[in-house]
Amino acid sequence: MDCYVDTNLLLEFNPLLNKRAILVNFYGCNFNCPFCNSSELRAFRSDAMTDISVIKNEIERVSSNADYIVFSGGEPTLQRLILNSLLRLSKRLGLQAAIQTNGSKPYVVRDIISQELADTIILDLKSGFDKESFQASTLSETFFTSAGQNLAKIRETLEILKESKSHVKTIVTTAVVPGLTDSEEALAEVYSIASKLKFEWVLQRFISSTDFGAVRSPEFSEKKALSIFEIQELLGRINKKNIKVRVV
Ligand code: SF4
């Protein structure tokens, strides 16, 4: 079976999980976030197509060196059958599994949870539920799907995660992007979602480039990103209910 998955698996300490983890990156994403710093992973690149057996062999080869496996990207839920198959293999190998998703495919998340294939869902929330802020952060609206429809899907995913709390851990993550989500107001909107559901919330300091490309829109790399200290100061003003919040 062909898939769009990076054959270079990374073995690293994952600060979101606090575990040594294998990172498997999927190509292709249905959002178009202007601050995306993995631009090479956003497209379904034909030169990135490979047979799933190559990825499976790699996972088997490195599995004894990690506790967790993380499926990220890109958006892994867009390749549902591939994700399911790799999750099943991971479980057979005794690995705990996490999926990092933008939340736009609730039925995939529901399916994975109902089959007990994931231990952790990492949900990247780019903004609160305000349609304009969401569209500015994701540029996800297309001829076929409105920003409102994407937001409705994310709400649905949150509902599924709330119902599954007893057996699947949820970590909400938000990148603190200069000029977009680095204000008290913007962060308070996401905080209100995470705190209502009592999910752990991890704020990620913005970095303008990764091994998978530079930030898509240079305006974000030209502005100064908040330091970890500045983010913690902002958090001190927001986190009134004392949910677990971290900055990485
Ligand atoms: S930041 Fe994530 S959701 Fe946004 S375009 Fe990049 S891969 Fe997709």
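This is a short talk on one chain, from its overall form down to a single residue.

Keep in mind that the model is predicted. I'll start with the whole chain. It holds 9 helices and 12 strands. The C-alpha trace spans about 45 × 40 × 35 Å along its principal axes.

Then the contacts. Taking those between residues at least 6 apart in sequence, 73% join residues at least 24 apart.

Next, the sheet. In general, strands of a sheet pair through backbone hydrogen bonds, and the pairing is either parallel or antiparallel. Here 8 strands form an open sheet with mixed pairing. Reading across, the order is β2-β3-β5-β6-β7-β8-β9-β12. Which strands stand at the edges? They are β2, residues 10-14, and β12, residues 245-247. Each of these has a single partner strand, so one side of each is left without a neighbour in the sheet. From one strand to the next, the twist averages 25°.

Inside that order, look at β7 and β8. Strand β7 covers residues 120-124 and strand β8 covers residues 169-176. The two pair in the parallel sense, over 5 bridges. To find the pairing on your screen, go to T120, whose bridge partner in β8 is K169.

Now the ligand. Which residues surround it? The list is C29, F31, N32, C33, C36, S38, R42, G73, G74, E75 and N102. Sorted by class, that shell has 4 nonpolar, 5 polar and 2 charged residues.

Where does D6 sit? Its place is in the loop between β1, residues 2-4, and β2. Is D6 buried or exposed? With 22 other C-beta atoms within 10 Å, D6 is buried, because the cut-off for that class is 20 or more.

What does D6 touch? Leaving aside residues up to four places away in sequence, D6 touches N25, Y27 and A48. A further distance to check is the one to V54: that residue is 48 residues from D6 along the chain, and their C-alpha atoms are separated by 9.9 Å.

To recap, we have an open sheet of 8 strands, a ligand with a shell of nonpolar, polar and charged residues, and a buried D6 in the loop between β1 and β2. That's it from me.

Methods. Residues are numbered from 1 along each chain as its sequence is written. This is a predicted model: local features need pLDDT of at least 70, side-chain atom pairs count only at pLDDT 80 or more; totals for chains, interfaces and linings use all residues. Helices (H or I, at least four residues) and strands (E, at least two) are DSSP runs, numbered from the N terminus. Two residues are in contact if their C-beta atoms, placed from the backbone, lie within 7 Å. A residue is near a molecule or strand if its C-beta atom, placed from the backbone, lies within 6 Å of it. Ala, Val, Leu, Ile, Met, Phe, Trp, Tyr, Cys and Pro count as nonpolar, Asp, Glu, Lys and Arg as charged, and the others, Gly among them, as polar. Two strands pair if DSSP finds at least two bridges between them. Axes are lines fitted to C-alpha atoms, for helices over the stretch in contact, and angles run from 0 to 180 degrees between N-to-C directions. A residue is buried if 20 or more other C-beta atoms lie within 10 Å of its own, exposed if 12 or fewer, and partly exposed in between; C-beta atoms are placed from the backbone.
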